[in-house]
Amino acid sequence: MKITSLGHAGLKVETKSSTVLVDPWLSPEGSFLASWFQYPDNQHLMTSALLQPTAIALSHEHLDHVDPWFLAQVPKQVPIIIPRYPSPVLRRKIASAGLKAIIELPEWESIHLGQETSLFFVSEESPMNHDSAVVIVGDGETLLNLNDARLTIAQLRNISTKVGGGIDVLALQGAGASWYPICYEYPEERKRELSHSKRMAKFSYLERAIAAVKPVNIIPFAGPPCFLDPELAWVNDEMEAGIFPDQQQVVDWLSNKEIKNGLVLLPGDAFNVSDQLKEADPMWADFSFSDRQSYLQKYAQTRTDQIAAFKASYPEPDNSIWEAFREYFQRLLAISPYFNHKIGMRVGFDITGVGGGKWAVDFRPGCEGVYDEMGECSYRYRFASRWLTPLLNGSLAWEDFFLSLRFQVWRNPDIYNDHLLGLLKFACRQALEAVEDYEDSMDSQEQIAIRHEEHTYLVQRYCPHAGVDLLEVGEVLPGGILRCLSHHYEFDLETGKCLNGKCKLLDSKRI
């Protein structure tokens, strides 16, 4: 097996019988409203040969993993293999590129791509999170590609069992895909503190995942992105100590934890699994992550025209968007009483520019409605009117917009509401019902004992947020706080209250 980096989360996996592209992203317009760009640049890999794989596997719907620009150039007979999700969002993005040979796989079900080469997906347990690992077995060797998926330790061990116990290469995300906390209206010192904390929580998960599967080789990838629009250049500082560490920083951190088998692959670098040899792309002979500022300045100059053209394709509206806003959210309020109850607050939208206004949507039971004045809200989004029309007509997905970082958000109380994002990003009855059914089925009866200082607590074993096993992914922080490393939710052991999100109480009792 030979694994070649295509940049960011993209991989080309070659075996004796097949060539599979996984999550290729090569668009010169970047992604998420021309906000994210591949770091470093991977345009030299865009060749006719790359467009002739045996198959393409796409893990989830984020546009740094499914690239309609690239897919539109692939022959229509090339099969696109995806996980089977409750939401049709991923299928729609692939169809927008004109491709129809889509194969949806139930998780754990293998598809054969050639003699002795197979592929299967393993998805996060909660249907609120459409992320999947991709496992490719070929030539007697195994690649476990976690990309953005945060699987439980049990899932990781089950993968090892299914493939016969050995993971030759573990590819995993070191940099997150998030707008928290950088788009939130925090004081700068607080924002830096939260960003660093998020980085370290991500690293803690990597350490546990590596311990669970004991891979022969580790490739950190799936980020970081870089930001070439001058309006967003400040985000590049997150590579220093924030949520977007580069691959070398991840390898160095792992090495300090006595995990010495990390490997940095830049776009075009290849790793021959059988021979354990890296083939370096000569493109990067003089490249260094430590020279980031100089590289990004030159890189940004090559994308100035693309960024300007992209923004011009989203002009400010000519008239007020209020009526379209009201009709859209009235429809959304009618989809799921369960989600309305879980959101349970008034959400403000401060839409700046021509056609905008200060409006609100109230999700509280008995108060549901859309209002042309903001009033007293618990959440408030602020962004330009040019982005609202495509959000309302469905040509721009809410989560793609949030990942563009082209907005600001404020909340009080300062806790995350998973169901608000879920409703906005799915807006699909079937997908929302899948979440409701999953959350209603979670069993809080089984308990585990947790010791903190001189006290012992009986705590429900499965996290009330997404049902992951706290015996595997729970850690106790100072102050009697239990953190679930799967999605970083934190609970007060004394009260069971979630401290940084909105979900059910953790069943916790001091004994």
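Reader: Which residues lie nearest the centre of the second largest pocket, and how many residues line this pocket?

Author: In this predicted model, the second largest pocket is lined by 37 residues, and Gly-394, Ser-395, Leu-396, Ala-397 and Asp-400 lie nearest its centre. Elements giving two or more residues to this lining include α9, α11, α12 and α13.

Reader: What makes a residue part of the lining of a pocket?

Author: A lining residue has an atom within 4 Å of a point of the pocket. For the second largest pocket, with a volume of about 890 Å³, 37 residues line the space. By class they are 23 nonpolar, seven polar and seven charged.

Reader: What are the volume and the lining of the largest pocket?

Author: The largest pocket has a volume of about 1,100 Å³. Its lining holds 44 residues, with Arg-150, Ser-178, Lys-198, His-487 and His-488 nearest the centre. Helix α4 gives the largest share, eight residues. The classes are 15 nonpolar, 13 polar and 16 charged.

Reader: Why is the crossing of α9 and α11 called left-handed?

Author: A crossing is left-handed if the near helix is turned anticlockwise from the far one by less than a right angle. Helices α9 (residues 322–333) and α11 (residues 385–393) pack at about 40°, with their axes 10 Å apart, and α9 passes α11 in a left-handed crossing.

Reader: What makes the contact between these helices nonpolar?

Author: The contact is made by Ala-324, Phe-325 and Tyr-328 of α9 and by Leu-388, Leu-391 and Leu-392 of α11. Ala, Phe, Tyr and Leu count as nonpolar; therefore the contact divides into six nonpolar, no polar and no charged residues.

Definitions and conventions
Residues numbered from 1 in each chain as written. Predicted model: local features only at pLDDT ≥ 70, side-chain atom pairs only at ≥ 80, totals over all residues. Heavy atoms only, no water. Axes fitted to C-alpha atoms, helices over the stretch in contact; angles between N-to-C directions. Helix = DSSP H or I, 4+ residues; strand = E, 2+ residues; numbered from the N terminus. Contact = heavy atoms within 4.5 Å. 1 Å grid on protein atoms, 1.4 Å probe; cavity = no way out; pocket = protein on both sides within 12 Å on 5 of 7 lines; lining within 4 Å. Points joined across faces, edges and corners; volume = space filled by probe spheres on them.
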